[in-house]
Every structure is written in structure tokens, then in C-alpha cells.
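I opened my notebook to go through this structure piece by piece. Here is what I looked up, in the order I looked.

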Amino acid sequence: MTVRIGVIGTGMIGRDHTRRIQQVLSGAKIVAFSDVNLEGAKAVQADLAPDARIYATGEELIAADDVDAILVTSWGATHEQYVLAAIAAGKPCFCEKPLATTAAGAKRIVDAEVAHGKRLVQVGFMRRYDAGYRLLKKAVDEEIGTPLMIHAAHRNPSVPEQYVTPMAIHDTLIHEIDVLRWLLNDDYVSAQVVFPRKSSYSHAKLADPQIVLLETKKGVRIDVEVFVNCRYGYDIQCQVVGEEGLANLPEPMSIVMRKGAKLQNAILTDWKDRFIDSYDVELADFIAAAQKGTAAGPSSWDGYVAAITSDACVEAQEKTGQIVPISLPERPALYN
Ligand code: NAP
């Protein structure tokens with residue numbers, strides 16, 4: 001069966017996911033677009049899916065008879081309303097992160113999906129589909145013994161002036177929040193944030209770098225350095241220390257050069273290149289599940305837990321140095 005997909009939000013990632021579905025993946029096609037920016041939607045339609053229809057609103061697109069599944073790639077604050085409408089229509093829905101901009105909003109989605117009785121939502125936490133993280137998870141599960149600590153880093157070369165301190169959590173750390181609990185099969189119980197000396201490349205409204213300390217239910221201690229003006233490249237590091245050994249996230253593949261009396265590897269500079277393959281794999285998973293009328297992969301529950309944890313981390317930024325507890329409600333059986 002070819003899944004007929006409607007895309008809400010035709011900006012950067014909406015265009016890129018459309019390209020994937022139209023040109024890279026099989027099993028689905030784009031039949032509809034909607035965006036408040038009509039010109040943007042028309043441009044994506046013309047470039048990638050000329051036969052698709054354009055709808056005035058996301059709600060009309062979701063209700064259309066010839067749309068089987070939905071991709072929500074609009075501005076984050078609009079995700080909740082579209083995901084709720086997709087659940088109400090009983091249609092599988094891939095939602096880019098964040099699932100909702102508040103934990104209460106994410107909870108409304110969890111409640112709606114639980115009431116519906118079947119999984120319909122996949123959240124765009126694509127790192128779970130990255131080949132390197134999958135190898136790391138296998139090593140954590142099978143090789144290094146009980147995990148004790150994680151040392152991680154999320155570094156960007158620079159960020160624009162609009163990027164302010166809480167965005168280090170909501171836009172940047174959010175990926176570590178999800179992938180580390182998946183890696184450990186564990187949940188967080190507390191967060192703490194400390195700020196080293198500020199980089200002179202940072203902006204007035206951004207404290208950069210910062211160190212986020214998380215503790216899990218099983219007692220694993222995690223430190224994540226978020227440094228978004230590191231200058232030298234886009235660099236994701238993750239080292240898991242276990243009782244019997246330690247495992248590092250593989251570096252992205254690159255040519256090893258001997259030149260000018262130096263041994264060299266290139267470092268990526270654009271975040272879009274770092275997990276490019278994982279976007280293909282996550283959408284292939286979405287299409288495969290949508291063909292069966294359901295969803296797989298990162299769930300609404302994972303989106304909700306990420307929202308609760310993000311809120312705690314932002315509170316920990318505001319209460320610098322203090323330990324902020326994180327408490328989660330009981331996980332509904334739908335997500336076990
Ligand atoms: P973007 O380029 O700004 O695109 C968002 C699009 O949504 C714009 O065309 C915007 O129109 C449109 N929009 C705004 N309000 C809308 C509404 N009510 N209904 C329908 N469309 C609406 O942003 P982006 O970079 O593609 O990001 C989109 C989402 O994907 C964000 O939530 C972001 O966090 C997420 N994302 C995830 C990853 C990842 O690694 N998983 C990577 C990139 C982005 P206007 O331009 O007129 O406002």
C-alpha cells in the first residue's frame with residue numbers, strides 16, 4: 001500500500017522530509033500541503049510534488065479523504081493542535097520535535113492517544129535511528145556491563161542573536177534528553193545546571209557554555225556540556241562508562257589525511273549533515289507503521305517525558321547550581 005501523506009509546514013525540514021518521501025524512500029507519496037506561508041507551500045509543491053493539493057488550513061488537510069497520514073513540520077507552537085486533530089481523525093502522524101511546547105500540551109496528546117487506544121504518533125527524535133547511536137546502544141546492552149556514568153557534549157560552531165539561554169535546553173539538549181534515556185532504558189530523577197566562565201563569542205542573552213547534570217532512577221550520573229559557540233565545528237560526543245568497560249559514540253566517517261606533517265580528520269560544521277541518514281531511517285519506520293494504520297519509534301510518551309525534563313532543566317538554569325527534582329507520572333500501558 002502506498003501511504004498518502006499530507007505535510008503541514010513547508011519550511012526547512014518540511015521541504016527536506018518531502019524530498020525524502022518523494023525521491024529517496026518507497027511506500028509513500030506526498031499528496032497534500034498546508035502552510036500559513038502559502039508561497040512557501042507552492043514552491044515546495046512545484047519543486048517536489050506537483051500533483052499534491054494545497055489546503056488553506058492544517059485541519060482541512062487532516063480531514064481530507066485522500067490523506068492517510070500526516071507530517072507535522074510547522075513551527076513548534078502549532079504542533080499540539082495538529083497532532084490532536086490527527087489523533088481525532090484516527091490518522092498516523094509524524095511530529096517533529098517538540099511534540100508540544102509545554103508538558104501540559106504533551107500530556108493532552110498522550111491522553112488523547114491513550115483514549116484512542118492505539119499508537120498513532122511518532123516524534124522526530126531521529127538520533128535513535130542513527131547507526132552510531134544504535135551501535136553504542138548494543139555495546140551498552142551487551143558489552144560494557146552495568147552503566148554507571150555518561151559524559152556527553154553537544155557543540156555548535158555559533159548561534160544567531162535570537163538564540164537565548166533556555167533554547168540551549170529546548171532546541172539543543174532536547175536531543176540528548178531523549179537519546180540518553182533511550183540508551184540507558186532509564187528515566188531522570190533530577191537536573192542541575194552550572195555555568196562555566198562565559199565564552200567571549202556568546203551573546204548578551206545567552207550564557208554559553210553550560211553543563212547539565214542529570215541523575216537517573218537507576219543512579220546513573222550524566223554530564224552534558226552544551227557549548228553553542230565552540231567555533232571549531234558541529235560536534236556530538238557521548239561516552240558511556242560501564243562496570244566492565246566504556247563505549248564511545250563513533251565519529252562520523254571522514255577521510256584520514258596525512259598532509260603537511262599533520263594527521264587530519266575533517267570535522268562537520270553544519271548540524272544538518274550529522275544525522276542526515278537517520279532522517280531517512282526514521283521516516284521509513286513511520287511509513288512502515290502507517291501502512292498498518294499505526295505508529296512506532298519515539299512515542300508521545302517520549303515527547304511528554306522530554307517536555308517534563310526540559311522544563312526541569314530550564315528551572316535548573318534559573319536556579320543555577322540547585323538540584324531540581326524530576327517526577328514522572330505512571331507510564332500508560334500503551335507505551336510499554
Ligand atoms: P521553518 O523553516 O521556520 O518552517 C516552519 C514552517 O511552518 C514555516 O513555513 C512557517 O511559516 C510554517 N508555519 C508557522 N505557523 C504555522 C501554522 N499555524 N500552520 C502551518 N504552518 C505554519 O522551521 P523548520 O526549521 O523547518 O522547523 C520546523 C520544526 O521542525 C520545528 O519544530 C523544529 O524544532 C523541528 N526541527 C527538527 C529537527 C530535528 O533535528 N529533528 C531539525 C530541524 C527542525 P512562516 O515561515 O510564515 O512562519
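Before anything else, I noted that contact here means heavy atoms within 4.5 Å. I also reminded myself that this is a predicted model.

**Entry 1: T165**

With that cut-off in hand, I asked which residues T165 is in contact with, leaving aside its neighbours within four places in sequence. The list I got is F195, K205, L206, A207, Q210 and Q317. I then checked where T165 sits, and found it in the loop between β7 (147–155) and α7 (167–184).

Is T165 buried or exposed? T165 has a relative accessibility of 16%, and buried means under 20%, so I wrote it down as buried. One of its contacts got a second look: the T165 side chain reaches the backbone nitrogen of A207 at 2.9 Å.

**Entry 2: L213**

Next I went to L213, which belongs to strand β9 (residues 210–216). Its relative accessible area came out at 29%, so I put L213 down as partly exposed. Setting aside neighbours within four places in sequence, I found L213 in contact with S190, A191, Q192, I222 and D223.

I also looked up L213 against P325. They are 112 residues apart along the chain, and 12 Å lies between their C-alpha atoms.

**Entry 3: the two domains**

Then I zoomed out. How is the protein divided? I have domain 1 as 3–126 + 277–299, and domain 2 as 128–269 + 306–335. Taken over C-alpha atoms, the centres of domain 1 and domain 2 are 27 Å apart.

**Entry 4: where the domains meet**

I counted up the sides: 21 residues of domain 1 touch 14 residues of domain 2. About 1,500 Å² is buried between domain 1 and domain 2, and carbon and sulfur atoms give 69% of that area.

I looked for salt bridges across the interface of domain 1 and domain 2, and the rule finds zero. Polar contacts did turn up between domain 1 and domain 2, in five residue pairs.

Last, I checked which helices take part on the domain 1 side. α5 (103–116) and α9 (276–290) each supply at least two residues of the side that touches domain 2.

Methods:
Residues numbered from 1 in each chain as written. Predicted model: local features only at pLDDT ≥ 70, side-chain atom pairs only at ≥ 80, totals over all residues. Heavy atoms only, no water. Domains from an automatic or database assignment. Buried area = accessible area lost by both parts, 1.4 Å probe. Salt bridge = Lys/Arg side-chain N within 4 Å of Asp/Glu carboxyl O. Polar contact = N/O pair within 3.5 Å; in protein donor to acceptor, adjacent residues only side chain to side chain. Helix = DSSP H or I, 4+ residues; strand = E, 2+ residues; numbered from the N terminus. Buried < 20%, exposed > 50% of the residue type's maximum accessible area, 1.4 Å probe, protein only.
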